[in-house]
Every structure is written in C-alpha cells, then in structure tokens.
Amino acid sequence: MSKRICFVESSIPFDGFGPTSRPLDPSARALAYLTGALAQRGHGVSVINKSEQTLTCDGVRWLGWTEPPPEDPEIAVAIDDPGLLAHVPKAAKRILWVHGAPAALEGETAKSALGAWRPDVVFHSHTQRGRWPNPLGLHAQVIEPAPGHSFVEENPIDAAEPPRAVTVCHPLGGLERLVRLFAERVRPVVPTAELHVYSALLDRARWGGEVGDAIRPIHELCQAWASAGVIVQRPQPDPQMADIYRQARAFLHPSLAEESAAIALMEAQAAGLPAVAFAQSAVAMDRIADLATGRICADDDTFVAATIELLRETEAYARMSAACKELRRGRTWAIAAAEWEERFA
C-alpha cells in the first residue's frame, strides 16, 4: 500500500538532480537515491530541504524552506537532526535517519527532540548503531545503503596507463599517511604510478582559495609530492566518478575507526575497483572481502605491498576487479527502498 512520505534535511542546497550534475557528499546522494526509489515503488514522496527551487525529480517533490510543507504526510523522516521532525508535526510515523556519528544525538537539544518525538532510528551499519547508547530505549535498526546507479552500470573496465590509485578521503581523515606511503614507498617501485586525490578542499587550495590552517599542511604536502605522482583532482558527479573508478587500479582507504557507512568505498567496489584499506574500521572491513575484492592491511608494509601489486600486476587487478563487480552489485537502492517499505510502510 502506498504511503505519503516526507523527508526533512537541512545541510546544503541540492535536489534529486544533484548526484548526476554536481559532486555531493554521500548523505545527500543517499537521500536523492532513496527518495527516488521509494517514488518508483508508488509512494508519494516529498523532501523539505534548502533546494533553491520547487521541482519534481524521479517522482519526488523537492520543496525549499520557504514553501509550505505537505499537509498530510503519513511518515516523516528527519535526516540526522531529530528537531527537524517539528516541520512535519502531524505525521503518524516518525523516523530519524542517521548518516553521521551517533555522538551528535547525545547533545541536550537532540536528546530533548528525541524525547518529544520518539522516532524510530535508522542507521547505515551495525557498527554505527552499536556506538549509540540509546538512553530512551527507542526502536533502532540498520538498513544498509547502496551504491549510486552510475556505479552499478555494466560499463567496461578500462584501467588507464600509467597505472593510478585514487582516494576520496577527507584531508584530515588519514590522507597524510596515504600520501606519504605512496610517494615514499610505492612510487619508487612503480615509477610511473600516480595517486589521484579527489578533494574539494584541496582543489580549492591549489587554486588559491581559503581553506583554513588545519588543511594547509596537507595541501603543501600534496604539492611537495606532485613530482612523485600525487595529483589533486576536483570531485565529480556520480557518472564521472564511476568512470574514474573504472580507469583506476586501486582505491586507497584510510579506514578510520569512527566511520559510519563507507559509502564511497562501496561505490568504488561496485564499479569494479579493488580497495586497499587499513584494518581499523569494522565498516570498511565489512565492505571488502580480503584477498578477493581488495586487501585489509594490518600495517604500512602490507598496505604498500598490496598497493604495488594492484598497480603492477595486471592479473591480480583483473581478478579482484571482477570479484568486486560480482559481489557488490547485488545491493541497489531499489532493494534498500523495498526494505524501508517493508519496515515502515
């Protein structure tokens, strides 16, 4: 039975066309894909956010903050902030979809809103769910995300020459370690190899934009190692990022212990790109089948060796790439939407 579902989100201006027209962070892309998939299943779906204009995309009505909210939604879904449920006060069913760190729910404002609305809480991973103490005893569950559509398309793998690794990690989220290992230990063994670093902050810095004191040292490090194949790139919309993954040989992932979803890692794997990650994140370790779709590395030596193998050994790369596509394409946003429907609609 179809339901009227309203999502409420307050980060940046974007709409359902965003993932294919501009680079967006994983939480914004997840919202665009899930709402479209729910609409395709026959539900009446709307989104209240900072969209710069009212429009319909993939059957979803996107409303800016200045537009009146839907009058009769049956289900309200707030993104990250339980206080956003106040925008749809008459909904019979209330859900909080948590993309970020559960620690954000421990502040007094968030706890007050949780107590007032008592929503069901949905997390991306069991690791993320396990970090939340749930002091109010709310119903909490996990619904896994999925790769964006562009990453699961049956486009051919076309690994470029010279061989390249890519990373999309935040400049302050372990990038320094990746850059140093690549420039100091991988590049001397594979002298034509490149590391392409996709970062909006570092791209802004290289064109003279202001990025703050914390980012400047890693920007300078990347610039210093440009002669060793470290290349800062501007992030791209999903179709272009999928092609970038298909042309690379390794996805380098710092695997931070606190990460919640590792959606970019999931997408790279779906596109056929083997990953090399440190054994620090339970989420990342769930995303990678060690020795099949990539390597989970206990230390720097193993990380370097695994990266060199993928960049230099075509047979190892091809085997892992094929395994990535086979294992990771079974999860789609259509399946995720069906799970949302089963549990809430």
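Reader: Where does Pro-162 lie?

Author: Pro-162 is placed in the loop between H5 and S9, where helices (H or I, at least four residues) and strands (E, at least two) are DSSP runs numbered from the N terminus. This is a predicted model, in which local features need pLDDT of at least 70 and side-chain atom pairs count only at pLDDT 80 or more, while totals for chains, interfaces and linings use all residues. Residues are numbered from 1 along each chain as its sequence is written, and side-chain values use heavy atoms, with hydrogens and water left out.

Reader: And which peptide bond is cis?

Author: The bond from Glu-161 to Pro-162 is cis, its omega being near 0°.

Reader: Is Glu-161 buried or exposed?

Author: Glu-161 is exposed, at a relative accessible area of 62%. Buried means under 20% relative accessible area, exposed means over 50%, and partly exposed lies in between (1.4 Å probe, protein chains only).

Reader: With what does Glu-161 form a salt bridge?

Author: The partner of Glu-161 is Arg-249, and their closest N and O atoms are 3.8 Å apart. A salt bridge here is a side-chain nitrogen of Lys or Arg within 4 Å of a carboxyl oxygen of Asp or Glu. The pair links distant parts of the chain, 88 residues apart: Arg-249 sits in the loop between helix H9 (238-247) and strand S12 (250-253), and Glu-161 in the loop between H5 and strand S9 (164-167). Arg-249 counts as buried, at 4% relative accessibility.

Reader: How many salt bridges does the structure hold?

Author: There are 22 salt bridges in the structure. One network of them links Lys-3, Arg-4, Asp-72 and Glu-74.

Reader: Which residue pairs with Arg-177?

Author: Arg-177 forms a salt bridge with Asp-300, with 2.6 Å between the closest N and O atoms. That pair again links distant parts of the chain, Arg-177 being in helix H6 and Asp-300 in helix H12 (residues 300-312), 123 residues apart. Arg-177 is partly exposed, at 33% relative accessible area, and Asp-300 is partly exposed at 27%.

Reader: What about Asp-301?

Author: Asp-301 forms a salt bridge with Arg-185, the closest N and O atoms lying 2.7 Å apart. Asp-301 belongs to helix H12 and Arg-185 to helix H6, so this pair ties together parts that are 116 residues apart in sequence. The relative accessible area is 49% for Asp-301, which is partly exposed, and 33% for Arg-185, also partly exposed.

Reader: Changing topic: which residues of H8 are buried?

Author: In helix H8 (residues 216-224), the buried residues are Ile-218, His-219, Leu-221 and Cys-222. Seen down the helix axis, they fall within an arc of 160°, so they line one face of H8; the arc is that of the directions from the helix axis to the C-beta atoms.

Reader: What do they pack against?

Author: The buried residues of H8 pack against helix H6 (175-186), helix H7 (200-206) and strand S11 (230-233), contact meaning heavy atoms within 4.5 Å.

Reader: How far apart are the end C-alpha atoms of H14?

Author: They are 16 Å apart, in agreement with the 16 Å that the twelve residues of H14 (residues 333-344) should span at 1.5 Å a residue. The expected span is 1.5 Å times one less than the number of residues.
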